Amino acid sequence: MIRAGAAALGVAVALGVAALGAAQGPAQKTAPAAANPECPRWRDAFASMPFRMVSIQAGSRTIALRVKTAETGERQAAGFQCATPEEIRRYLILFDFGKEILTQFHMQNVPAALDIAFVKDDGKIFAISKMDPSPTELYGPLGPFRYAIEAHAGFFASQGIRQGEARLVIPPAR
């Protein structure tokens, strides 16, 4: 989830996590925050995120990832809001803001902790943070970024992906 700073976007923007090499399946309609009247909107936006393949170069390894992509404001605002814990374990979300921005992410309506990697326009992963569910806490790096990748907590460490040592590679769109 992301909350945009006044200089960046001027409105609250929430972000989430997408698919990591998992088989595409229908989005579950029952979510922990289902009582929230905004959940149907966020669930629809999450379900509409297209998949694409990207990779992360970490040392001599190349890790192929199947991610959901959040390239529109609605999909970026949705992120993992109202997702199920199973969806958070199953998917990664790649957020592309089109240019480097300064903003912060929130974890409102997200039922499980996430890792988030912040990526420069050239693909360098310069910061990785853990975000815990909270209705008020904001998370962000110390500098602008173009991309963010959200995954379940512990994902990046489990793959040997470290800030400052890894690079996101996005093939050209077909």
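Tutor: What follows begins with the model as a whole, moves to the disulfide, and ends with a loop residue and the nonpolar cores.

This is a predicted model, in which local features need pLDDT of at least 70 and side-chain atom pairs count only at pLDDT 80 or more, while totals for chains, interfaces and linings use all residues. Residues are numbered from 1 along each chain as its sequence is written, and side-chain values use heavy atoms, with hydrogens and water left out.

The protein averages a pLDDT of 84, and 80% of the residues score at least 70, where pLDDT is the predictor's confidence in each residue, from 0 to 100. Over residues 3-33, however, pLDDT stays under 50. The secondary structure comes to 4 helices and 10 strands, and from the N terminus on the elements run β-α-β-β-α-α-β-β-β-β-β-β-α-β; helices (H or I, at least four residues) and strands (E, at least two) are DSSP runs, numbered from the N terminus. Of the 174 residues, 48% count as buried, a term for under 20% relative accessible area, with exposed for over 50% and partly exposed in between (1.4 Å probe, protein chains only).

Now to the part you asked about. The structure holds 1 disulfide, which is defined as a pair of cysteine sulfur atoms within 2.5 Å. Its partners are Cys-39 and Cys-82, whose sulfur atoms are 2.0 Å apart, and with -70 degrees about the S-S bond the link is left-handed. The pair joins distant parts of the chain, 43 residues apart: Cys-39 belongs to helix 1 (residues 39-47), whereas Cys-82 sits in the loop between helix 2 (73-78) and helix 3 (85-90). Both ends are buried, Cys-39 with a relative accessible area of 3% and Cys-82 with one of 0%. Most residues other than glycine have a negative phi.

Asn-36 is found in the loop between strand 1 (3-4) and helix 1, and it is buried, with a relative accessible area of 19%. The side chain of Asn-36 reaches the backbone nitrogen of Glu-38 at 2.6 Å, and it also makes a polar contact with the side chain of Asn-109 at 3.1 Å. A polar contact is a pair of N or O atoms within 3.5 Å; within protein, one must be able to donate a hydrogen and the other to accept it, and residues adjacent in sequence count only if both atoms are side-chain atoms. Asn-109, in the loop between strand 5 and strand 6, likewise has a positive phi, near 65 degrees.

Finally, the nonpolar cores. Such a core is a set of buried Ala, Val, Leu, Ile, Met, Phe, Trp, Tyr and Cys residues joined through side-chain atoms within 4.5 Å. The largest has 23 residues, among which Phe-80 and Phe-105 touch the most other members. The elements giving two or more residues to this core include strand 5 (103-107), strand 6 (114-119) and strand 4 (93-101), and strand 4 gives the most, with 4 residues. A second, separate core of 19 residues includes Ile-56, Ile-63, Ala-117 and Ile-161.

Technical notes: Contact means heavy atoms within 4.5 Å.
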